[in-house]
Amino acid sequence: MSTTLADIAPPFVAMAHRIVWCTAATVDAQGRPRSRVLHPIWEWDDGALTGWIATAPTATKRAHLEASPHVSCNYWAENQDTCVAECHAEWGFDLATREELWERFKSAPAPVGYDPAIIAMWEGPGSPAFAALKLTPWRLRVMPGAVMTTGEGEVLTWQA
């Protein structure tokens, strides 16, 4: 049986929002990976799954995404739950998008929601040190830790 986006998006969002932090990897123009820990928020709305990351648009991130506009977001918890989103990434530098993202994080429930003002370098959504990174998944994988530890449950995968 093939897994549809509608089958996998809700359990992916639930697991990702419970784990909160992911290792996000990009690659440079020479194909070398770089990873960092980031805090996406995911929205499953009207049949579409979209991730958003509030982040500093560093020279490295900008160069990597210019070379290859893809990000791999890998979540892991101590109970061995893992989920991965392989995504197309797109910067949002316009003020309206940054304001929307700022409020999205500020109004979301914990643990995924937080007040972005706690980041000292972000002086508000208009700060040049603050940008929105929009993620559109093309592949998802959700594996409850019990699959590995007890052989129970199932691994869900989806690819566009």
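**Nonpolar cores**

The largest nonpolar core has 31 residues, and those with the most contacts inside it are Phe12, Trp42, Leu49, Tyr75, Leu135 and Leu140. A nonpolar core here is a set of buried Ala, Val, Leu, Ile, Met, Phe, Trp, Tyr and Cys residues joined through side-chain atoms within 4.5 Å; buried means under 20% relative accessible area, exposed over 50% and partly exposed in between, with a 1.4 Å probe and protein chains only. This is a predicted model, in which local features need pLDDT of at least 70 and side-chain atom pairs count only at pLDDT 80 or more, while totals for chains, interfaces and linings use all residues. Residues are numbered from 1 along each chain as its sequence is written, and side-chain values use heavy atoms, leaving out hydrogens and water.

- Two or more residues of this core come from each of helix 1 (5-19), strand 1 (22-27), strand 4 (48-55), strand 5 (70-76), strand 6 (82-92), strand 7 (131-143) and strand 8 (156-159). Helices (H or I, at least four residues) and strands (E, at least two) are DSSP runs, numbered from the N terminus.
- Helix 1 gives the most to this core, with eight residues.
- A second, separate core of 13 residues includes Leu101, Phe105, Val112 and Phe130.
- Leaving aside neighbours within four places in sequence, Tyr75 is in contact (heavy atoms within 4.5 Å) with residues including Phe12, Ala16, Ile19, Trp42 and Cys83.

**Helix 1**

- The buried residues of helix 1 are Leu5, Ile8, Ala9, Phe12, Val13, Met15, Ala16, His17 and Ile19.
- These buried residues pack against strand 3 (41-45), strand 4, strand 5, strand 6, strand 7 and strand 8.
- At 1.5 Å a residue, the 15 residues of helix 1 should span 21 Å, and the end C-alpha atoms are 20 Å apart, which agrees; the expected span is 1.5 Å times one less than the number of residues.
- Val20 follows helix 1 and has a positive phi, near 75°.

**Cysteines**

- The structure holds zero disulfides, a disulfide being a pair of cysteine sulfur atoms within 2.5 Å.
- For Cys73, the nearest cysteine sulfur, that of Cys22, is 4.1 Å away; Cys73 is buried, with a relative accessible area of 0%.
- For Cys83, the nearest cysteine sulfur, that of Cys22, is 8.8 Å away; Cys83 is likewise buried, at 0%.

**Arg98**

- Arg98 lies in helix 3 (residues 95-107).
- Arg98 is buried yet has no salt bridge, which would be a side-chain nitrogen of Lys or Arg within 4 Å of a carboxyl oxygen of Asp or Glu.
- The nearest side chain of opposite charge to Arg98, that of Asp94, is 6.9 Å away; Lys and Arg count as positive and Asp and Glu as negative, with His and the chain ends not counted.
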